[in-house]
Structures are given as structure tokens and as C-alpha cells.
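Please read the following report alongside the sequence and the coordinates, which are shown first.

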Amino acid sequence: MTEDRDEPEDLPETATASGAAPRMARYGEGLEGRPARRERGMAERPRDNFLTRASKFVRDVRSELGRTTWPTAHEVRHTTIITVIAVIFFATYLFAADRLFAFLFDQVHRLFGVS
């Protein structure tokens with residue numbers, strides 16, 4: 001007497017009754033092995049007119065702006081001061097480095113007599 005080792009029909013395709021490793025489902029496959037989602041743009045739906053889409057866009061923007069965290073005036077002031085100090089520091093540094101390299105190149109030109 002031989003036993004059938006078929007999988008029961010109530011188990012999903014990715015599982016087996018014998019305990020063997022399940023088959024990896026491809027992206028988008030449901031438990032039945034059929035695509036569980038529709039591809040974007042594949043569903044037939046009526047196209048909305050421009051005003052409907054524009055009003056939905058404005059509602060979405062207002063909704064997102066409501067979830068945005070805005071800095072306080074104190075935080076803005078401090079980050080502005082830090083930015084101005086950093087700009088002044090780097091401008092001074094780059095000016096000094098430029099003047100130093102210009103001086104060094106002038107000295108090399110004078111030393112070797114290049115005109």
C-alpha cells in the first residue's frame with residue numbers, strides 16, 4: 001500500500017505538507033500563486049478632469065503641510081548665526097589659501113626666471 005505524498009489543497013502554494021522548505025514566491029504573488037495586486041495603470045478607471053486633479057493636489061499639499069514640523073524663531077535665529085559664521089570662516093580661509101598659493105607661485109617664477 002503506497003501513500004500519496006500530495007499536498008493538501010487547503011495549504012498555500014508556498015507551504016508543503018511534508019515540512020520541506022517552501023518555494024519563494026515571486027514579487028506580487030499571492031497565496032494562490034496569482035498576482036495579488038494590480039500593476040499601476042492597469043486598472044480601468046475613468047480619468048478625472050483637470051479641476052478635480054488640481055483640487056486633490058491642493059488638498060494633499062495642505063495635508064502634508066499640516067504634518068510638517070516648523071522651527072521656532074529662536075532656532076531659525078541660531079542656525080542663521082551659525083551659517084553666517086561658517087561662511088565668514090570659510091571665505092577667510094579660502095582667501096588666505098589663495099593669497100598664499102599666489103605668493104608661492106610668484107616666488108617660484110622669480111626663482112626660475114619664468115616670465
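In this predicted model, Phe57 has a relative accessible area of 55% and is therefore exposed, since exposed residues are those over 50%. Phe57 belongs to helix H1, which covers residues 50–66, and together with Val58, Val61, Leu65 and Trp70 it makes a nonpolar surface patch of about 540 Å².

The secondary structure consists of two helices and zero strands. Helix H2 runs over residues 73–112, and because its 40 residues at 1.5 Å a residue should span 58 Å, the 58 Å between its end C-alpha atoms agrees with that expectation. Just after H2, Gly113 adopts a positive phi of about 70°.

Side chains of opposite charge can pair when their charged atoms come close.

| Salt bridge | N to O distance |
|---|---|
| Lys56 and Asp60 | 3.0 Å |
| Glu64 and Arg67 | 2.8 Å |

Lys56 and Asp60 are both in helix H1, where they stand four residues apart, about one turn of the helix. Lys56 is partly exposed at 44% relative accessible area, and Asp60, at 40% relative accessibility, also counts as partly exposed. In the other pair, Glu64 is partly exposed with a relative accessible area of 47%, whereas Arg67 counts as exposed at 56% relative accessibility.

Definitions and conventions:
Residues are numbered from 1 along each chain as its sequence is written. This is a predicted model: local features need pLDDT of at least 70, side-chain atom pairs count only at pLDDT 80 or more; totals for chains, interfaces and linings use all residues. Side-chain values use heavy atoms; hydrogens and water are left out. Patches are made of residues with over 30% relative accessible area and no salt bridge: like charges are joined within 9 Å, nonpolar side chains (Val, Leu, Ile, Met, Phe, Trp, Tyr) within 5 Å. Accessible areas come from the Shrake-Rupley method with a 1.4 Å probe; for residues, only the protein chains shown count as cover. A salt bridge is a side-chain nitrogen of Lys or Arg within 4 Å of a carboxyl oxygen of Asp or Glu. Buried means under 20% relative accessible area, exposed over 50%, partly exposed in between (1.4 Å probe, protein chains only). The expected span of a helix is 1.5 Å times one less than its number of residues.
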